[in-house]
Amino acid sequence: MQAYLELQEFCKLVHLNEDVVKGMMANGALNFKEEEGKIYIEANQGTFSIVPSAAKSQNTLVNSMTLAGESFVEKTIGTILNLHEKVLDAKDETLEALKNENKFLKDALYSMQELYDEGRTTAETLNIELKHAREEIEFLKRKYKLMWNKTIDVFGKESRLEQNDALENNEKSKEE
């Protein structure tokens, strides 16, 4: 009984590219059949065709596998190098963006520190002015209190004198 595998399954099993397997089919190294638009490869004969043997001349197989392997390796290395360049470019861009953000944050911090220092200086100045204003108010209160006390004393004496004069005048006019 012969076992057949679909082309994709066979490629996965033997770890070969589809083009290499189709090349082997064209050289007659693999037995295959086509049914309903799908290609089936004879599993037993196919696996022996892949494994090198002394009885068979495998130069064409090895050459085709080597060429396919080399192009695959070249493509893979090219892809890896390309990705590596992109990673390096992205790294450089990221570093530049982080440096710019760091510079911006430092500038903002210095600006905030300057504003804080200015605010502190302004607050100290206002506290000193407030202290002087309070001292001046206390001085003016004492000054006006003394002035009013003197005024009240003087007014009080004058009004008592006037009252006494008025009483004396009143008494004199009654006597007359």
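A residue counts as exposed when its relative accessible area is over 50%, as buried when that area is under 20%, and as partly exposed in between. With that in hand, let us look at the charged side chains of this predicted model.

Lys-103 has a relative accessible area of 53%, so this lysine is exposed. Its salt-bridge partner is Asp-107, with N and O 3.3 Å apart. Asp-107 reaches 39% and is therefore partly exposed. Both residues belong to helix 4, where four residues, or about one turn, separate them.

Helix 4 holds another such pair. Glu-138 and Lys-141 are three residues apart there, again about one helical turn, and their side chains form a salt bridge at 3.9 Å, N to O. Here too the lysine is exposed, as Lys-141 has 52% relative accessibility, while Glu-138, at 40%, is partly exposed.

A search of the whole structure gives four salt bridges. Among them is the one between Glu-35 and Lys-33, and both partners are partly exposed, Glu-35 at 38% and Lys-33 at 30%.

Here are these pairs side by side:

| Glu-35 | Lys-33 | 3.3 Å |

Which residues gather in a patch of negative charge on the surface? They are Glu-85, Asp-89, Asp-92, Glu-93 and Glu-96. Asp-89 sits in helix 4, which runs over residues 59–175. With a relative accessible area of 44%, Asp-89 is partly exposed; a patch member needs over 30% and no salt bridge.

How values were computed:
Residues numbered from 1 in each chain as written. Predicted model: local features only at pLDDT ≥ 70, side-chain atom pairs only at ≥ 80, totals over all residues. Heavy atoms only, no water. Patch = residues over 30% accessible without salt bridge, like charges linked within 9 Å, V, L, I, M, F, W, Y side chains within 5 Å. Areas by Shrake-Rupley, 256 points an atom, 1.4 Å probe, with all protein chains shown as cover. Lys, Arg positive; Asp, Glu negative; His and termini not counted. Charge placed at Lys NZ, Arg CZ, Asp CG, Glu CD. Helix = DSSP H or I, 4+ residues; strand = E, 2+ residues; numbered from the N terminus. Buried < 20%, exposed > 50% of the residue type's maximum accessible area, 1.4 Å probe, protein only.
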